[in-house]
Amino acid sequence: MIYLDHSATTKPNADVMKAFVQANERYYANPASLHEMGVDVNHLLNRSREQVAGLIHTEPEHVVFTSGGSESNNFLIKGIARANTHRGKHILVSSIEHASVLETARALEKEGFHVDYIHVDKQGVIDLDDLKEKLMKDTVIVSIMHVNNEMGAIQPIEEIAKIVRERSRAFYHVDAVQSFGKLPIHFNDELGPDALSISGHKINGLKGTGIAALRKRTTIEPIIHGGGQEMGLRSGTVAVPQDVAIAKAARLAEQHRTVNVQRYTKWRNDIHAFLERMDDVYVLSSNNGAPHIVSCSIRGIKGEVIVNAMQRQGVIVSTSSACHSKDTQISHVVQAVGVPDEFARGVIRMSFGEGVTDGDIEQFKEAFSNVVKQVRGEIKTHEMA
Amino acid sequence: MKWHEILVRYGEITTKGRNRNQFINRLRDNLKSTFKDLEGMKLRLERDRMYISSPSDDEMNALIERLPDVFGIQSFSPVAECATDLEAMKALGKEIVSGLDYEGKSFKVNVKRSYKKFELETYELNRVIASHVLTELPGMTVEMKNPDIELRVEVREDATYMMVDVIAGSAGLPVGSNGKALLLLSGGIDSPVAAYLMMKRGVTVEAIHFFSPPFTSDQSLGKVKELCQIVSKFSGKIRLHVIPFTEIQQTIQQAVPKNVSMTTTRRLMMQVADLVREETKCKALVTGENLGQVASQTLDSLAAINAVTTTPILRPLITYDKLEIIDIAQKIGTYETSIIPFEDCCTVFTPANPKTKPRVDKMEYYESFTDFDEMIAKAVRNREVHVFPKKEVVSDFDDLL
């Protein structure tokens, strides 16, 4: 099987798994314990935290280990919004955020927060004028992702940060789950965001690992209360082996980023050129988007049908987002970018990652050509290999 | 930017009369030992200032980063270098000023033209560099007297040097210029701060710690060692004397009434410390004591503790508020280590209701029934001595991460 669904999840790196196993074997004590074994584990935890902090240019005390991207998004948005109601109760998100951002904002509405949604253009990039217009004096948090998971659009983080800083007192949160390891993203300076979410399993780490990070000391409320672990921001016995695993995965992802991006960019541009030549194919992603995501649709054909047909050809692709791939409804992202009706139900996504080869991309193109012919009835199913 | 050298301005040293050379030489020795890892470093001493240089750019950057931790330096300025060429000078001038918070500031260029054959006269050169910087970096005004930013340019035949940035040093006096004292180091927030303040006044600090296993753990001793490691960066070297204190402490519990056991403990610590002080040729004892913080820190209590020795006991934190102490601890980087919760020998045996006004005569009476001298001598004899800074140990964490 050729796996082209790395935006849904990735295969854990062998070294990451080895480190995870070793950390479990040797450093299983509780880092909060006073005894020597606990103290050692605590050192290991601190080192992991320092390593992550170094990669995203913040201080270790502003890095909280979580269970993944969704928890990080929940914690940062709820935590900052609830702790800063003195600044206001208005929340701004883009219309193409991940469900863990949109649903979190929706849940906060029940607590009296008011949510506005920023429009995007056909490429999925947010309308900065709309942002300026909707940014209020009482906006407390703006959450706009870095890379969209369904069609790879890149948002202008620096320009957004600049507008938010100049025109409001709001915090700027970035869901970097799809971009970390593919695009540079960190708290470098005034142009960076205030809060970042990162997921381990999207960067060849393990499921159940994530990072919520802040640029500087920020008033934020925990959502998990208890023994006060993680600087009091996320209670529960700290999963040090998981934290070691994500620290290692993050380091490797950054280390391999430049080389990987070159390969992914070449494949993406190549597939875009290939798709442009075909009739009845609508391409959502663009050469200005993320290097690792290609998204397209065949006129009048459901995404699910294409996924099944591609699978029979030995290539794994997905409908636009794994999270609602079982929904029959049209994805909110597809609606927001205004995909024509006859294409809206058929959006599929190919996403690259570690392990994909040039040959895999050639095979994908061949399989896709076959599938297109097949669904048009140009060749019969039983004639196919 | 290529740094040529760093100009160092002395601290209070310049006010010293005949001792001056002694102080400057001490500063030079301290710099040599603090930066002994920087192999290319060279020092050039003058009466009012010192110049530090290194052929390696990495070493120059390390110096700029670490000099603010050295006592006896009022301020210092990195001096940048470029070719003696008009375009190079203009570019460097702009580069240096652009690194500062220049908007809304007043500005002046001050050229010294040692190389008299240079194509432009001093005045012209002044004007050309200034107008280039002012056009490229708008938002500054020109001010001849007391400008906020003065770009100093020295034109020599082989190279041109520029300097603008004045970086504050730690001030104070070079460590060691004022003798040596022994500090009672507990592992809490206060005593490392006391060490730092004594070092700032030029005192070399040795440390003594009372260790009571199994009531206190190796981890709490580890914490004390970590604190020595941290404060050693301000002094170059610290010796830590670890006193086995369990026997004395257990004896105290049986020998004197519970509510004064804390006072007796402190009195015996002072006696132990005083013996170590004598052996190590220190002139004074130092504690992190502070008036009124806890029961043992009332004036009565300090008097009762003090009565065991005639050695000066210096208490640099005596008038500080807790928050002021925490501020310094955070600044010098000891706070995070100090607040790690481990039992130390003071907290394990703390009585429920310690006496806040112990009397010296009563204390002497209670203690007269036990012969502590032999125990004290034994504890001093059996002490362990560690020297800091220790080299960082490479752990196997690197493989995991």
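The model is predicted, so local features need pLDDT of at least 70 and side-chain atom pairs count only at pLDDT 80 or more, while totals for chains, interfaces and linings use all residues. Residues are numbered from 1 along each chain as its sequence is written, and chains are lettered from A, with ligands numbered from 1, in the order in which they are written.

Let us start with the sheet of chain A. Its 7 strands are arranged as an open sheet in the order β2-β8-β7-β6-β5-β3-β4, with mixed pairing. Strands here are DSSP E runs of at least two residues, helices are H or I runs of at least four, and both are numbered from the N terminus; two strands pair if DSSP finds at least two bridges between them. At the edges stand β2 (63-66) and β4 (114-118) of chain A, each with a single partner strand, so one side of each has no neighbour in the sheet. From one strand to the next, the twist averages 20 degrees. Look next at β3 (residues 90-94) of chain A, which pairs with β4(A) in the parallel sense over 5 bridges; there, Ser94(A) stands opposite Ile118(A) in β4(A).

The helix α3(A) packs on this sheet, touching strands that include β2, β3 and β7 (195-199) of chain A, and its direction makes about 160 degrees with that of β7(A). Such angles run from 0 to 180 degrees between N-to-C directions, and axes are lines fitted to C-alpha atoms, for helices over the stretch in contact.

This helix, α3 (residues 69-83), also packs with α4 (residues 99-109) of chain A, at an angle of about 35 degrees and with the axes 9 Å apart. Residues in contact (C-beta atoms, placed from the backbone, within 7 Å) include Asn73(A), Ile77(A) and Ala81(A) from α3(A), and Val101(A), Thr104(A) and Leu108(A) from α4(A).

Now turn to where the chains meet. Chain A brings 14 residues to the contact and chain B brings 7. On the chain B side, α6 (218-231) and α15 (397-400) each supply at least two residues.

Finally, visit Pro257(B), in the loop between α7 (246-255) and α8 (261-279) of chain B. Pro257(B) counts as exposed because it has 11 C-beta neighbours inside 10 Å; the cut-offs are 12 or fewer for exposed and 20 or more for buried, with partly exposed in between, for C-beta atoms placed from the backbone. Pro351(B) lies 94 residues from Pro257(B) in sequence, yet their C-alpha atoms are 9.9 Å apart in space.

Notes:
Two residues are in contact if their C-beta atoms, placed from the backbone, lie within 7 Å.
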